Amino acid sequence: MFAAASTGGAYNHGVQGAYGRLAAWQSPAALADAGLPTAEARATACHWFTFDAPAPWFDRIVWDFGPAALTPDRRRLAVLAATDTATHTD
């Protein structure tokens, strides 16, 4: 997440340094249903998974990723699907 947030993907330059770090922390914090002060402890307690998507926009390149977090009480599953696939028009 940090690489995608800080340096961008194949088609942009990201938000760089500190803002990239902030964005990289905000994503797992949101997936773990935590605020930034408690993000690390809450994220560590979650069960983490990754998934693949059989879709034309998910090309399985470095910027395509799908993390998912299941909260410790196993009552909330949060999913993030991210891609940097260019759209093509014919």
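This is a predicted model: local features need pLDDT of at least 70, side-chain atom pairs count only at pLDDT 80 or more; totals for chains, interfaces and linings use all residues.
Is Thr-71 buried or exposed, and what is its relative accessible area?

View 1. Thr-71 is buried, because its relative accessible area of 2% falls under the 20% cut-off. The residue is located in the loop that joins strand S2 (67–70) to strand S3 (77–79). A polar contact of 2.7 Å links the side chain of Thr-71 to the side chain of Asp-73. When neighbours within four places in sequence are set aside, the residues in contact with Thr-71 are Ala-32, Arg-42, Cys-46, His-47 and Arg-76.

**View 2. The largest nonpolar core.** Six residues make up this core: Leu-31, Ala-32, Ala-43, Cys-46, Ala-69 and Ala-78. In soluble globular proteins, nonpolar side chains tend to be buried together. Two of the core members, Ala-32 and Cys-46, are also among the contacts of Thr-71. Leu-31, another member of the core, touches Met-1, Trp-48, Pro-67, Ala-69, Arg-76, Ala-78, Val-79 and Leu-80, with residues up to four places away in sequence not counted.

**View 3. Helix H2 and its cover.** Helix H2 comprises the 15 residues 17–31. The buried residues of H2 are Gly-20, Ala-24, Pro-28, Ala-29 and Leu-31. Elements covering these buried residues include helix H1 (2–7), helix H3 (39–45), strand S1 (47–50), S2 and S3.

**View 4. The backbone just after H2.** At this position, Asp-33 adopts a positive phi of about 60°.

How values were computed. Residues are numbered from 1 along each chain as its sequence is written. Side-chain values use heavy atoms; hydrogens and water are left out. Helices (H or I, at least four residues) and strands (E, at least two) are DSSP runs, numbered from the N terminus. Buried means under 20% relative accessible area, exposed over 50%, partly exposed in between (1.4 Å probe, protein chains only). A polar contact is a pair of N or O atoms within 3.5 Å; within protein, one must be able to donate a hydrogen and the other to accept it, and residues adjacent in sequence count only if both atoms are side-chain atoms. Contact means heavy atoms within 4.5 Å. A nonpolar core is a set of buried Ala, Val, Leu, Ile, Met, Phe, Trp, Tyr and Cys residues joined through side-chain atoms within 4.5 Å. The expected span of a helix is 1.5 Å times one less than its number of residues.
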